[in-house]
Amino acid sequence: MNIRKVLEKEPIDISLVTEMADMYSWGNGINGQLGLPTQRAFKTFMTPQMVVRHQSVRAIACGGNHSACLLDGGDVFTWGESEFGALGHGVMVDQAGQPRRIDSFPKHETVVAIACGYFHTLAATNDGESYAW
């Protein structure tokens with residue numbers, strides 16, 4: 001396996017994307033920030049766990065208790081704890097244990113970059129627009 005991208009945020013969770021476009025995460029998952037399937041969504045793992053398989057993942061980002069990924073086609077997915085609306089799904093306090101697509105970007109814009117802060121998420125588009133939530 002060749003690793004294409006690794007992102008570490010705090011000492012609590014780590015995500016990586018391989019050249020085969022598989023995404024793994026491990027660490028503290030008590031808020032769903034690892035993005036694992038239902039039975040494992042809110043647990044902690046000390047070894048890499050498969051999150052996404054055979055997807056064209058362009059970027060990953062980790063916040064304090066949430067994570068995000070950007071697919072090559074411009075779709076943005078977030079998961080974890082949405083304190084202060086960090087997930088971008090229109091709810092201030094929520095938890096999503098599995099990746100959930102953000103549908104609120106204008107149809108004519110394509111997201112090309114993402115970043116996460118401790119309680120917020122950022123996105124930049126091909127038109128030079130920036131979004132923060």
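A residue is taken as buried when its relative accessible area is under 20%. By this criterion, in the predicted model, 6 of the 6 residues of strand β6 (residues 66-71) are buried, so the strand is largely enclosed by the rest of the structure. In a regular strand, side chains alternate between the two faces of the sheet. In β6, H66, A68 and L70 point one way, whereas S67, C69 and L71 point the other way, and all are buried.

Strand β6 belongs to an open sheet of 4 strands, arranged in the order β5-β6-β7-β8 with antiparallel pairing. The edges of the sheet are formed by β5 and β8 (95-101), each of which pairs on one side only. On average, and with direction ignored, neighbouring strands of this sheet are turned by 10° against each other.

On one side, β6 pairs with strand β5 (residues 57-62); the two run antiparallel and are joined by 5 bridges. I60 has C69 of β6 as its bridge partner.

The pairing of β7 with β8 is antiparallel and comprises 4 bridges. In this pair, F77 has R101 of β8 as its bridge partner.

Conventions
Residues numbered from 1 in each chain as written. Predicted model: local features only at pLDDT ≥ 70, side-chain atom pairs only at ≥ 80, totals over all residues. Heavy atoms only, no water. Buried < 20%, exposed > 50% of the residue type's maximum accessible area, 1.4 Å probe, protein only. Pairing = 2+ DSSP bridges. Axes fitted to C-alpha atoms, helices over the stretch in contact; angles between N-to-C directions.
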